[in-house]
Amino acid sequence: MSSPTGPAGLPVRMPRPRQPGRHRRPEPLAAPEGAPALVLAVPGTPSGATRSLAEEVVSIARSELPGLDARIGYLDGDDAEFPTLQVVLTHTAQERTARYEQAIAAGVDAKQPEGPVAVVVPLLAGPDNALLRQVRQAVMESRIAADLTDVLGPHPLLAEGLHVRLSEAGLARADRARLFTVATAADGIILASVGGEEAVQAAGITGMLLAARLAVPVMAAALDQEGSIAAIAEQLRASGSQNLALAPYLIGPEIDAGLLEAAANEAGCASSDALGPYPAIGKLALAKYTTALGIAPQQPQGAPVR
């Protein structure tokens with residue numbers, strides 16, 4: 001049987017047939033043409049470190065969904081080096097309109113844009129009513145059609161990230177299955193959140209997942225409620241935990257680093273770093289976006305508990 005040939009008789013690479021059955025590889029997902037932009041709403045005082053973190057988060061999201069239009073808006077931006085969420089939404093809408101008008105002028109039979117211009121994803125691990133109110137206000141003042149998603153947690157991937165940050169600080173074993181000990185491993189974890197009682201309850205759900213991973217008690221407390229951290233530290237020590245650790249249930253920009261240091265001193269324990277640009281953060285931000293658009297029914301899965 002002859003095989004197809006291309007120019008100069010060279011063989012042509014033919015597409016491989018899809019593997020049938022339940023074990024076939026899934027088709028790669030890509031952003032639909034004309035899909036809304038993903039706009040990451042970044043809280044806190046903007047800085048170079050904050051921008052680097054946000055850019056890494058959207059870079060992860062883009063790598064997971066080719067063709068994704070991902071942008072960054074700062075809640076407390078200056079509209080110069082750090083564009084505000086409101087300005088980013090306005091520019092996104094203007095660019096979508098300009099693309100449509102250019103297509104029409106070029107004689108292309110383009111469909112008039114409809115639906116939301118953007119999907120706004122707050123860069124928050126847990127609920128913070130004050131910050132979420134600021135996000136909603138910026139969206140309203142922009143007068144742009146945009147969907148606003150929920151915060152990133154609670155989720156097993158956040159528990160995984162907390163575990164990694166604790167192990168990096170020498171406060172937890174990286175893997176319970178390995179036969180070695182960590183001399184400084186904590187036997188009780190204070191999960192520090194911001195956003196009041198609602199945030200503490202939400203952090204507690206992720207805390208239960210973290211406790212299952214570490215096999216030590218984990219209790220959530222509020223950084224923004226006076227005495228909350230110290231009270232939880234006392235409660236953990238009363239129940240038998242002596243070597244405590246503070247684990248920030250935070251991405252990072254939403255809180256002053258000095259507040260974390262003060263809380264660790266108040267509890268008399270060491271602290272791990274905030275979640276920061278942990279890879280799961282970008283994946284969860286993308287999951288919020290795709291779920292809002294109905295293009296990816298499955299959420300990212302957490303790693304198995306070891």
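Colleague: Hello! What is the relative accessible area of Phe82?

Modeller: First, this is a predicted model, where local features need pLDDT of at least 70 and side-chain atom pairs 80 or more, while totals for chains, interfaces and linings use all residues. Residues are numbered from 1 along each chain as its sequence is written, and side-chain values use heavy atoms, with hydrogens and water left out. Phe82 is classed as buried (buried is under 20% relative accessible area, exposed over 50%, partly exposed in between, with a 1.4 Å probe and protein chains only), and its value is 7%.

Colleague: Which residue forms an edge-to-face pair with Phe82?

Modeller: Rings of Phe, Tyr and Trp (its six-membered ring) pair if their centres lie within 6.5 Å, with planes under 30 degrees apart stacked, over 60 edge-to-face and the rest tilted. The count comes to one aromatic pair. Its ring centres are 5.2 Å apart and its planes stand at 85 degrees, so the pair is edge-to-face.

Colleague: Thanks! What is the strand order in the open sheet of four strands?

Modeller: Strands (E, at least two residues) and helices (H or I, at least four) are DSSP runs numbered from the N terminus, and two strands pair if DSSP finds at least two bridges between them. Strand 6 (218–222) and strand 8 (270–271) each pair on one side only, which puts them at the edges. The pairing is parallel, and the order is 6-5-7-8.

Colleague: Which residue is the bridge partner of Ala192 in strand 6?

Modeller: Strand 5 (residues 188–193) runs parallel to strand 6, and five bridges join them. In strand 6, the partner of Ala192 is Ala221.

Colleague: What is the phi of Asp79?

Modeller: Asp79 sits in the loop between strand 2 (70–74) and helix 2 (85–105). With 45% relative accessibility, Asp79 counts as partly exposed. Although Asp79 is not a glycine, its phi is positive, at about 65 degrees.

Colleague: And is Ala215 buried or exposed?

Modeller: Ala215 belongs to the loop between helix 5 (196–214) and strand 6. Ala215 is not a glycine, yet has a positive phi of about 60 degrees. With a relative accessible area of 56%, Ala215 is exposed.
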